[in-house]
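Open the model in your viewer and keep the selection panel at hand. The stops below start at the ligand and then move to a sheet.

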Amino acid sequence: MLMGIIMVTSRGPYSYDRGRNGFVRRDNVGGVATGLKNVLEKNGGDWICWGDGSLDSQYLNEDNGKYRIHRIILDQKEKKGYYDDYSNSTLWPLFHYFREKIYHDSRAYHYYRQVNRKFSEHIMRVSKPDDIVWIHDYQLSLVPGFLRDQGFRNRLIFTWHIPWVSSGFYSILPERNDIVKSISRADSITFHTETYGKNFRDSYYRVIGKEKELERKIHSIPLGINYRFFSESSHRMKKKPFHQEKVIFSIDRLDYTKGLVQRVNSIETLMKRFPELKEKFVFLMLVTPSRSGVRDYDDLKDELEMNIGRINGMYGNIHWTPIIYMYRKITSAQLSNYYRWADIALITPLIDGLNLVAEEYVSSSENGILIISEFAGISRYLNGAILTNPNSGDDVAEKIKQAMEMKKDEIELRLRTMKEFARRHDGTWWMKKVLETVKK
Ligand code: F6P
């Protein structure tokens with residue numbers, strides 16, 4: 001058991017809500033929460049997070065037998081200012097290059113600071129002098145600074161899970177100095193790709209100035225999945241309920257960075273450009289609810305569903321619906337079936353920090369092909385994947401056609417290479433590598 005590690009994230013592994021029998025335990029679907037859950041279940045430790053469930057205040061400190069959770073409760077104003085507004089309407093679009101979606105309000109920043117300070121005070125209370133404190137992601141960028149200001153001397157790791165934009169784009173942010181300065185006070189700062197790490201360094205140099213020590217602290221170490229779970233999934237595979245030759249599959253949170261509308265439109269391009277492929281495939285598109293209440297997310301749902309309806313109405317017939325769309329959370333047993341049914345996973349975010357779904361798919365699949373956006377961090381690592389530019393419907397359509405026609409030997413070779421990467425760079429490898437950066 002790995003002792004003395006305190007994980008700190010905005011979203012926790014699960015929350016409690018009111019349900020039929022008093023309460024329900026709701027698992028979190030986000031990439032970071034899922035990744036860390038796997039690692040802590042294996043190694044133990046403490047996890048400080050926001051208790052966002054309606055009954056979480058009854059579970060402030062919970063020992064679930066594998067690790068301990070310490071929940072921080074936020075009031076409505078804090079939730080709105082910290083989470084909806086500053087984290088998800090300022091930082092999220094900024095760090096994904098969505099200039100026109102950046103909303104800025106100094107009151108929101110006030111709450112973001114207040115909540116980050118709350119997290120830092122909680123860390124001070126929970127931690128012992130030798131503990132390593134490991135803070136995650138853009139929602140908590142000011143925590144290292146607050147901790148150091150309060151004289152906190154423990155080893156600190158900060159992991160940034162989303163892209164870090166170019167220094168010019170970063171400098172748009174009114175609070176640009178506070179954020180890079182705070183992060184730089186951690187002992188180790190990790191990103192998922194080298195480009196993000198370099199962009200962070202350049203942003204710091206541009207807004208603060210050169211700093212000799214900084215370069216040494218920056219590392220590029222991609223988060224991994226629980227390879228064993230996905231490759232040896234014990235769930236029995238159900239029979240494919242489709243008769244079409246190929247099943248194309250995708251699963252994403254509902255988010256404008258994921259390129260969902262562009263993706264369904266590229267299915268339309270596929271049918272226009274290659275009409276002979278009609279009825280030879282079915283596209284199973286799963287979207288999980290996310291950040292509802294934030295305007296851009298609600299609007300996106302309408303736009304996506306309108307396009308799916310239009311395409312199905314135009315190209316479908318009594319025997320065939322090109323896009324089977326589901327908007328809900330699913331169980332891991334269902335997901336495991338979908339991964340195994342899928343001949344092609346079509347993962348085409350416009351930009352994505354890493355994308356763990358791609359790794360889950362290649363680990364689960366026995367004969368699948370991965371088409372991945374060249375703007376997803378993971379595309380740098382998965383050599384057997386077919387790369388595509390999600391901004392070009394033609395390119396995506398051509399890559400789908402290439403995948404549909406690929407021969408068995410080539411599919412196997414590509415899949416083997418990708419499985420090998422996922423196996424060697426799993427969540428446990430990631431944790432070990434990151435912890436090595438702060439070894440005494
Ligand atoms: O790194 C991005 C992240 O924080 C991940 O945890 C996950 O991909 C997603 O955002 C979850 O967002 P939220 O906590 O807002 O549902």
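**Ligand site**

Select the ligand and its shell: 14 residues surround the ligand, and the closest are R11, Y83, D137, Q139 and R291; a residue is near if one of its heavy atoms lies within 4 Å. This is a predicted model, in which local features need pLDDT of at least 70 and side-chain atom pairs pLDDT 80 or more, while totals for chains, interfaces and linings use all residues. Numbering runs from 1 along each chain as its sequence is written, and side-chain values use heavy atoms, without hydrogens and water.

Next, show the polar contacts (pairs of N or O atoms within 3.5 Å). A side-chain N or O atom of D137 is 2.5 Å from a ligand oxygen. For the side chain of R291, the distance to a ligand oxygen is 2.8 Å. At V32, select the backbone: an N or O atom there lies 3.5 Å from an oxygen of the ligand.

Color α1 (31-43) and α2 (76-94), DSSP runs of H or I with at least four residues. Each supplies at least two shell residues, and α2 gives the most, with three.

**Sheet**

Now select the strands (DSSP runs of E, at least two residues). Six form an open sheet with parallel pairing, in the order β13-β12-β11-β14-β15-β16; strands pair if DSSP finds at least two bridges between them. The edges are β13 (323-327) and β16 (386-388), each pairing on one side only.

Zoom in on β12 (281-288), which five bridges join to β13. L286 stands opposite M326 in β13.

Key: Polar contact = N/O pair within 3.5 Å; in protein donor to acceptor, adjacent residues only side chain to side chain.
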